[in-house]
Amino acid sequence: MSGPRTTEVIAPSWGIRRCTTCKCRLSRYNDDSVCSGCNRSRTAGQPARLSVPAQVWAHQDVKDALLQRDFGRLCQLVRERGHLRQEDMALLTGLSQPFLSMLESGRRRLTNIDRIIVLLDGLDVPADLTGPMLLPSRVAPALPLQAVS
């Protein structure tokens, strides 16, 4: 008996599809021309499409968390009810994902008014739920100038 007993199987090249961005091999279940990793990174730079659904603010537990100023619980509820990831919340609010994780777990608290406003503004919380914090500031009418003699 001479020669190797194993044979090499060569896959036909016509069945292999590659990602147009990174050239990795695409799954046979992927109908797109881009792999899932490239697709995620392509949409990660477009936070404008992300938003908190309006029906989230109708839930009483979300309103209670706002009323109690429990921002960790608020973030958790908004994330769960809005079907968002912590990364999505980070893109919306500008706060880091690790900070949001610590906030939700209770290891950190949000006490800085500027960061609270950034959080609430990023989540697009309706102004009637936040109180005067996010209402547009009213400009006081200018007093008439008096002539100085």
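Modeller: Start with a definition. A crossing is left-handed if the near helix is turned anticlockwise from the far one by less than a right angle, and right-handed if clockwise. Keep in mind that this is a predicted model.

Colleague: Which hand does the crossing of helix 4 and helix 5 have?

Modeller: Helix 4 spans residues 86–93, and helix 5 spans residues 97–105. Apply the clockwise rule to this pair. The crossing of helix 4 and helix 5 is right-handed.

Colleague: How is helix 4 oriented relative to helix 5?

Modeller: The axes of helix 4 and helix 5 are 9 Å apart, and the angle is about 110°. Angles of 65 to 115 degrees count as roughly perpendicular. Therefore helix 4 is, relative to helix 5, roughly perpendicular.

Colleague: How many charged residues are in the contact of helix 4 with helix 5?

Modeller: Helix 4 brings Gln-86, Glu-87, Met-89, Ala-90 and Thr-93. Helix 5 brings Gln-97, Leu-100, Ser-101 and Glu-104. By class, three are nonpolar and four are polar, and the charged residues number two.

Colleague: How is helix 2 oriented relative to helix 3?

Modeller: Helix 2 covers residues 60–67, and helix 3 covers residues 71–82. Their angle is about 155°, with the axes 9 Å apart. Angles over 145 count as roughly antiparallel. So helix 2 is, relative to helix 3, roughly antiparallel.

Colleague: How many nonpolar residues are in the contact of helix 2 with helix 3?

Modeller: From helix 2 come Asp-61, Val-62, Ala-65 and Leu-66. From helix 3 come Arg-73, Leu-74, Leu-77, Val-78 and Arg-81. Three of these residues are charged, none is polar, and the nonpolar ones number six.

Colleague: Which residues of helix 5 make the contact with helix 3?

Modeller: Helix 3 and helix 5 pack at about 110°, with axes 7 Å apart. That makes helix 3 roughly perpendicular to helix 5. Helix 3 uses Phe-71, Gly-72, Cys-75, Gln-76 and Arg-79. Helix 5 answers with Leu-100, Leu-103 and Glu-104.

Colleague: Which residue lies over the face of Phe-99?

Modeller: A charge over a ring must be within 6 Å of the ring centre. Here the distance to the centre of the Phe-99 ring is 4.3 Å. The residue over that face is Arg-115.

Methods. Residues are numbered from 1 along each chain as its sequence is written. This is a predicted model: local features need pLDDT of at least 70, side-chain atom pairs count only at pLDDT 80 or more; totals for chains, interfaces and linings use all residues. Side-chain values use heavy atoms; hydrogens and water are left out. A charge sits over a ring if NZ of Lys or CZ of Arg is within 6 Å of the ring centre and within 35 degrees of the ring normal. Axes are lines fitted to C-alpha atoms, for helices over the stretch in contact, and angles run from 0 to 180 degrees between N-to-C directions. Helices (H or I, at least four residues) and strands (E, at least two) are DSSP runs, numbered from the N terminus. Angles under 35 degrees count as roughly parallel, over 145 as roughly antiparallel, 65 to 115 as roughly perpendicular and the rest as oblique. Contact means heavy atoms within 4.5 Å. Ala, Val, Leu, Ile, Met, Phe, Trp, Tyr, Cys and Pro count as nonpolar, Asp, Glu, Lys and Arg as charged, and the others, Gly among them, as polar.
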